[in-house]
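Reader: I would like to learn how to read the features of a structure. Can we go through one together?

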Amino acid sequence: MAINRPRGTMDLLPERTAKWQAIEALLRSMCRSYGFSEIRTPIFEETELFARGVGNTTDIVQKEMYTFTDHSGRSMTLRPENTASACRAYLENKLYGQVQPVKLYYIGPMFRYEKPQAGRLRQFHQFGLEIFGTQAAAADAEIIAFAWDFYHRVGIRDLTLHLNSVGCPTCRAAYRQALQDYFRPYLNELCETCRDRFQRNPLRILDCKSEICRKIGENAPSILDYLCDDCRNHQEQLQNILHAAAIPFVIDPRLVRGLDYYTKTAFEILSGQIGAQSAVCGGGRYDGLIEEIGGDPTPGVGFALGLERVFAALNGQGDDVETEDTLDVYIVVANNAAQPLAFRIADQLRRADFSVEMDYADKSMKAQFKAANRLAAQTALIIGDDELAGGYVTVKNMLDGTQAAVPHQDITKYLLER
Ligand code: HAM
């Protein structure tokens, strides 16, 4: 029986990969403008990192991790996200010794054992930013501005930025209590998961998708009424900067993220184009996370976007990423005798950074020209009997049909000048 790819994973074939590369190139070039440098952390980490970092009470840690025991009996986990790993790398490599803030980005696969559906995969890809070492609301704004700018550049419309503050451990304790007081009379009516959340993490009840829990939660107290002065000021400052940058947002006091590490700012950008899994990105501040995994208290803020959802949003509005796939040179040979020369010229041109293709299958010249057209070759180099005998190559401009005879040793120079 044939072996298929695992459920919830994708093969990216060359045509699609080119589109992914175009998006990745845009993100990398934006990182240069915004001053973020790339880090690459391991695909797997000690399970403890995510248990402590992402949080034991989250769905991710409780149900969704790909965890295995290695040959030495250590528990390892395929990373379900990259923020905890970035914090670990910041600590382990003593990046706190560098000029702060430290601004990092990453792109790569993440793994969550979720129920696969449109826009929800088991291996998916995130691009993310993290800023370590500053409490300034301007850093939160910079993260959000980057995300907003990116979707604008890619041409994704119909987006809404949802913004909230989830407070800090001080103000959240009072809010947690208020939520428990509110939900206690309804405890028997809540879904099973939320009954469990009632003790572990009552904030997550606000995020439940079940109709009944939603209805019950409608009049639940708002976190915004419980923020301490520090959290309130931070949120106000952030909103002022977003107004100044003309980035529209809605305040969403029910926005609680699925990871436990957030403090103060939490945000998501939702798309109207991609169905139920509508979050194209999410992030926020995590001032307690580095301490949680063993460092000195260090503030941090960041976000991650799902690359699959970028394409889903584009497709939803009937667009796709444009890529320009052309070939610089196709070498057309009349017969086998010309192959060694063709190979040598291809080699020279590739070393000079031209993209070059040639035929290996002894096809007719007509078929070779057809292949050149299919690959959108800009130039054809023709090596026939006359050319072989005369020590030159016919260079044909495929766009306007003009031809020139160029000696072998001058071809690279000729094409570079053209
Ligand atoms: P997250 O909200 O879990 O946050 O994921 C961020 C984004 O990754 C989501 O908005 C979504 O676009 C995409 N995503 C998540 N799960 C899946 C999935 N199963 N299939 C496809 N796409 C998915 C985080 O991961 C945080 N680490 C973000 C962050 C960085 N917060 C601070 N810094």
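**Strands, helices and cores**

Author: Start with a pair of strands. In this predicted model, strand 10 and strand 11 (residues 300-306) run antiparallel, joined by 5 bridges.

Reader: Which residue of strand 11 stands opposite G282?

Author: A304 does.

Reader: What is the strand order of the open sheet of 8 strands?

Author: The order is 1-5-6-11-10-9-7-8, and the pairing is mixed. Strand 1 (37-38) and strand 8 are the edge strands, each pairing on one side only.

Reader: And the side chains on such a sheet?

Author: In a regular strand, side chains alternate between the two faces of the sheet. Now see what packs there. Helix 11 (residues 307-316) lies across strand 5, strand 6, strand 9, strand 10 and strand 11. Its direction runs at about 50° to strand 11.

Reader: Which residues touch the most other members of the largest nonpolar core?

Author: F127, Y151, F303 and L305 do, in a core of 44 residues. Helix 5 gives the most to this core, with 10 residues.

Reader: What is F303 in contact with, leaving aside its neighbours within four places in sequence?

Author: The list includes Y106, F127, I143, F146 and F267. C281, G282 and G283 are also among the contacts of F303. A second, separate core has 26 residues, including V54, M65, L255 and A266.

Reader: Now a helix. How does the span of helix 9 agree with its number of residues?

Author: Helix 9 (residues 229-244) has 16 residues. At 1.5 Å a residue, it should span 22 Å. Its end C-alpha atoms are 22 Å apart, so the two agree.

Reader: Which residues of helix 9 are buried?

Author: C231, H234, Q235, L238, Q239 and L242 are. They cover an arc of only 135° around the axis, so they sit on the same side of helix 9. On the other side, D229, H243 and A244 are exposed.

Reader: How should I read a positive phi?

Author: Most residues other than glycine have a negative phi, and most peptide bonds are trans. Exceptions deserve a look. K264 is not a glycine, yet has a positive phi of about 55°. K264 is found in strand 9.

Reader: Is K264 buried or exposed?

Author: The cut-off for buried is under 20% relative accessible area. K264 has 6% relative accessibility, so it counts as buried. Now take D353, which also is not a glycine and has a positive phi of about 80°. D353 lies in the loop between helix 12 and strand 13. At 70% relative accessibility, D353 counts as exposed.

Reader: Which peptide bond is cis?

Author: The one from Q100 to P101, with omega near 0°. P101 sits in the loop between helix 4 (83-92) and strand 5.

Reader: Where is there a hairpin?

Author: Strand 3 and strand 4 form one, with 5 residues between them. In the turn, G73 has a positive phi of about 85°. Strand 3 (residues 67-69) pairs with strand 4 in the antiparallel sense over 3 bridges. Strand 2 (residues 44-46) also pairs with strand 4 (residues 75-78), antiparallel and over 3 bridges.

Reader: Which residue of strand 4 is the bridge partner of E45?

Author: T77 is the partner of E45. T77 is also the bridge partner of T67.

Reader: What is the order of the open sheet of 5 strands?

Author: The order reads 13-12-14-15-16, with mixed pairing. Strand 13 (356-358) and strand 16 (403-407) are the edges, each pairing on one side only. From one strand to the next, the twist averages 25°.

Reader: In which sense do strand 12 and strand 14 pair?

Author: Parallel, over 6 bridges between strand 12 (residues 327-333) and strand 14 (residues 377-383). I331 has L381 in strand 14 as its bridge partner. Helix 12 (residues 339-351) packs on this sheet, touching strand 12, strand 13, strand 14 and strand 15 (392-397). The direction of helix 12 makes about 165° with that of strand 13. Helix 13 (residues 365-374) packs on the sheet as well, making about 175° with strand 12.

Note on methods: Residues numbered from 1 in each chain as written. Heavy atoms only, no water. Helix = DSSP H or I, 4+ residues; strand = E, 2+ residues; numbered from the N terminus. Expected span 1.5 Å × (residues − 1). Buried < 20%, exposed > 50% of the residue type's maximum accessible area, 1.4 Å probe, protein only. Arc of directions from axis to C-beta. Pairing = 2+ DSSP bridges. Contact = heavy atoms within 4.5 Å. Axes fitted to C-alpha atoms, helices over the stretch in contact; angles between N-to-C directions. Core = buried A, V, L, I, M, F, W, Y, C linked by side-chain atoms within 4.5 Å.
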